[in-house]
Amino acid sequence: MKQIQPPKLGRKLLSLLITDKLYDEFEGDLAELFQDRLEGLGKRRARLHYYKDVLLSVRNADLRRKLKLYNPLVMYKNYLKIAFRNLLKYKGYSFINITGLALGMAACLLILLFVNNELGFDGFHEKKANIYRLDEVQRFGSVSEQKVALSMYPMGPNLLADYPEIVDFTRYWTAGRTLVEFNNKQVYMDNLVRVDTSFFNMFDFKLIEGSRENAFLEQQDILISETLSKRIFGSEDPMGQVVKSSTGSLMKVTGIFEDVPEGSHLQFDALISTALWDDERRQNAWGSNYLNTYLQLVPGADITALEAKFDDFLLKYLGDDATDYYTLFLQPLTDVHLGSMDITHDYNNYNKFARSSVDIFLILAFFVLLIASINFMNLSTARAATRSREVGVRKSIGAFKTQITGQFMIESLLLTFFALIIAFGLCTLAVKPLNQIIERELSLNLFLEPVNLLLIVATTVLIGFLSGIYPALVMSGFNPVSALKGTVLKSSGSVFRNALVVFQYAIAIAIIIGTVIATDQLNYMQSLDLGFDKENVVTVGMYDDTNEKYELLKTELNNLSNVTGVTATTQRLGNNLHQTSMQYRADTAMIYGSSSFVAVENNFFDFYKMEVLEGRGLSDEYAADDAGLSFIVNETLAKELAASGRDVLGMPFNFGGSDTLGTIVGVVKDFNYNKLSLKVEPLFMSKQPWGWSEINVKVRGGNIQQSIAEIEGVWTELFPSRPFEYQFLEEHMDQMYRSEQQLTKVISILSGLAIIIASLGLFGLASFTVRQRVKEMGIRKVLGASLQQIVIILSRRFTLLVGIAFTIAAPITWYFMNDWLNGYAFSISIGVGIFLIVGIGSWLIALLTVSIQSIRVAKSNPVETLRVE
Amino acid sequence: MKGTHLGEFEELVLLAVAALAGNAYAVAVKEEIEEKAERKVNISAIHSSLYRLEDKGFLESEVGGATSKRGGKSKRFFKVTAYGYKSLKESQSLRQSFWNIIPQLSAQE
């Protein structure tokens, strides 16, 4: 008779629950009960009872499972002891392994710190989610469409009045460096800014004294920063004090604010209300853009819908064709710092940075950490192989597979935490120099916040786990017999390990090639002939009072023996020059347009050695030149003007809206007054009687300090109350590329780290591979192999690995870097040379690393090496 | 007697094993207890007690007696050890010593 059997699933479950040793008896008992019940209760209920019995047997899951004398604590102690002994026994290896990982971790931590800083810019304003900067897209005939951060004076109040979604606005209108006097002491306010009274309601800059709501009660009320207050008033109480500006107006201090934090894109040290300037003319000054406007919207406002309404706004106030020239758009406050790279005339954006660079940093941080982790894993695996005897012994005396796995996992975790601690130490050492390079104030305190600390520890555990799991599994899988014999050494995991070496070397090579190309591009841009001579030019700011004595200043400076020329301008070269409207008469009609403009002294073109292609430069000889009726245009504008069919030279020309027209007298070769990532825009120049904003003095190359001292002497004699300040034009030009320079500097460091870590890994790996082949090399030597031959044999494999890595990395890097260079108007072409140099360079580094090991073996006495057994 | 304390259920199991005299395997013990104590006992509880009692030295066991009913799996027969008997006796005399001094309440009523 065929018996009905207990359910299979139940039996399977029971076998999982109950230890193998007891399973038979248990299953027998349960089966017997099942058969008994089968008669009384029927099949269905018997099965049910069977399942119940199985499930209740959970309580016996640990029965007889543990070895009677097994005490895990003792074993853990043993693991730790062995781990430390191994650390000390292979000091070099441990050093390489832990240092490599620690370097990677430290780099990663610091980058995260930086990224966090960048992402947190302007984050301290409570209303940040509802505050937007009003930006414009400008499209004027000749100038290519551009986004600008500027807006018009009347926009803010009228937007507030017209749209209920807008609950508040403030303008931000810089007055720049302002000299003030208090108790006969002259002090510069570095950055006086005109804002609306709502400023402190929208932004959360901290007030130390004064009222947030009534910050600007009177027109001449002024709020100053803590530092400025100390500079002006020293220990006196600043509140209510009156200072006099150089133009004679009086300002009363009604508030002190904490120095503006580093993480704010707005930087100022004194604030005054716009009320003082708020006359009728200005209230209707549509069309001129010279300030920033910030709007506060109702929470949850539909930005796109609001932006769409702005076209009507422009038509209403600026006239019918306004939308041909302008489009308004809103930029979230938190986006201003990282998202403004394509926005020009962005003068109030402190430490402006590219979001793409932040992304690059993140990717690099990830890869550096990845290289370091792979290293760690690779070295652990390689070294684990030398511990096969230990594993063999452990297994022979009864260690389970899981115990061996556990042991190696614990070791791996231990080492990663070691590395983490060292990484923190490295961070502490590195954070200061790093801050200097990137001009930020990063603080490690961020890591001490519980959430971050938890995250870091979790990541460390993950790294320890992931890099430990492979060696742990490999080790625990050893067959004890062969492990004890020492025969497992050669084969285990070498394909996998080689793949990892290739991978990390490929990353390192890619990063280095990228860095070299980026640095080349930057150097290229800085060394490129800009079309004017910027060497040894000292720029000195001019003010209303100093402009009155301009001619005298010029004459006296020209008399100095070390000065070879003096000129003046309204805007410094090395900026995006301001735009203005223009009009010119073509054959028949008057044509209106817009172009960049800068007012310059007559000798400007000679001074900067600019090449005049047609006509002439400006000159003191012509009355029209001095009267501001002679214009010089650059090639780009000339091309546009020529399109009207009339000769450019002699073309009637002036600012838009002028009653009379002047003449174009010359065409000057295009020069790069702006960043080289941008193309040259149309530009015209003339001398205008508006007062200069700076003079440029060219000094002889020999003794620059002496020359500066002489200029200062002249200056102080003429303007005793004006502190002398100067900047070299070259310095100023370099500052344009500061963001790029910071980027390349940090990336250079990172790529250096990448290759160091990768080499450390290779070094460690090589030393173990070489050790494994000691006997083979001994035999080869006995049979007559020379030192070179042995080194070559040992290095061959690594050469191959680096070769493969290079083959993978080169095309990918080429593709991405080409893409990046396309973003620049003037860019280098990527040569094969860079690839060859980096390729050969990394190969040499690898070779050197391996050779240190192989030469040692090759030199050793075969008697020693062959005596291993 | 520290460490060798017998729980109520353990004592029952131990007594059942003693009573079954040589035929004490889990299923039989379960039936014996269910019959005498008139309560439902799950086999897992019996298993758990039997093996723990063996670990503690109250029981000893040997394997044998596979039947087709059990799917050919053998039984484990338990036997009370001398130490087990001693403990049972001690437990019994401990209870008796209490009974001896309890006033005969029912007799007075």
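Student: Which residue just after helix 10 of chain A takes a positive phi?
Tutor: This is a predicted model, where local features need pLDDT of at least 70, side-chain atom pairs count only at pLDDT 80 or more, and totals for chains, interfaces and linings use all residues. Residues are numbered from 1 along each chain as its sequence is written, with chains lettered from A and ligands numbered from 1 in the order in which they are written. Helices (H or I, at least four residues) and strands (E, at least two) are DSSP runs, numbered from the N terminus. Just after helix 10 of chain A, phi is positive, about 105 degrees, at G319(A).

Student: How many residues does helix 10 of chain A have?
Tutor: Helix 10 covers residues 303-318 of chain A. The expected span is 1.5 Å times one less than the number of residues. For helix 10 of chain A that gives 22 Å, and first to last C-alpha reaches 22 Å, with a count of 16 residues.

Student: Which residues of helix 10 of chain A are buried?
Tutor: Buried means 20 or more other C-beta atoms within 10 Å of the residue's own, with C-beta atoms placed from the backbone. Helix 11 (322-325) and strand 12 (326-332) of chain A are among what covers the buried residues of helix 10. An α-helix has 3.6 residues a turn, so residues three or four places apart point the same way. The buried residues in helix 10 of chain A are L306(A), F310(A) and L314(A).

Student: Is P6(A) buried or exposed, and why?
Tutor: P6(A) sits in the segment before helix 1 (8-17) of chain A. Contact means C-beta atoms, placed from the backbone, within 7 Å. Leaving out residues up to four places away in sequence, P6(A) touches R11(A), L30(A), A31(A), F34(A) and Y50(A). Because P6(A) has 25 C-beta neighbours inside 10 Å, P6(A) counts as buried.

Student: Which helix of chain A gives the most to the side that touches chain B?
Tutor: The contact takes 20 residues from chain A and 16 residues from chain B. On chain A, the elements giving two or more residues are helix 2 (20-41) and helix 3 (43-56). With 11 residues, the most comes from helix 2 of chain A.

Student: What do the buried residues of helix 2 of chain A pack against?
Tutor: Those buried residues include F26(A), L30(A) and F34(A). Within chain A, their partners are helix 1 and helix 3. From chain B come helix 2 (26-37), helix 3 (43-56) and strand 2 (75-80).

Student: In strand 23 of chain A, which residue is the bridge partner of V566(A)?
Tutor: Two strands pair if DSSP finds at least two bridges between them. An open antiparallel sheet of 4 strands runs 15-23-14-24 in chain A. Strand 15 (563-569) is one of its edge strands, and 6 bridges join strand 15 to strand 23 (residues 694-699) of chain A. The partner of V566(A) is V697(A).

Student: What distance separates the centres of domain 3 and domain 4 of chain A?
Tutor: Domain bounds come from an automatic or database domain assignment. That assignment gives domain 3 (355-525 + 738-866) and domain 4 (537-731) among the domains of chain A. In contact are 5 residues of domain 3 and 4 residues of domain 4 of chain A. Taken over C-alpha atoms, the centres are separated by 56 Å.

Conventions: Two residues are in contact if their C-beta atoms, placed from the backbone, lie within 7 Å. A residue is buried if 20 or more other C-beta atoms lie within 10 Å of its own, exposed if 12 or fewer, and partly exposed in between; C-beta atoms are placed from the backbone.
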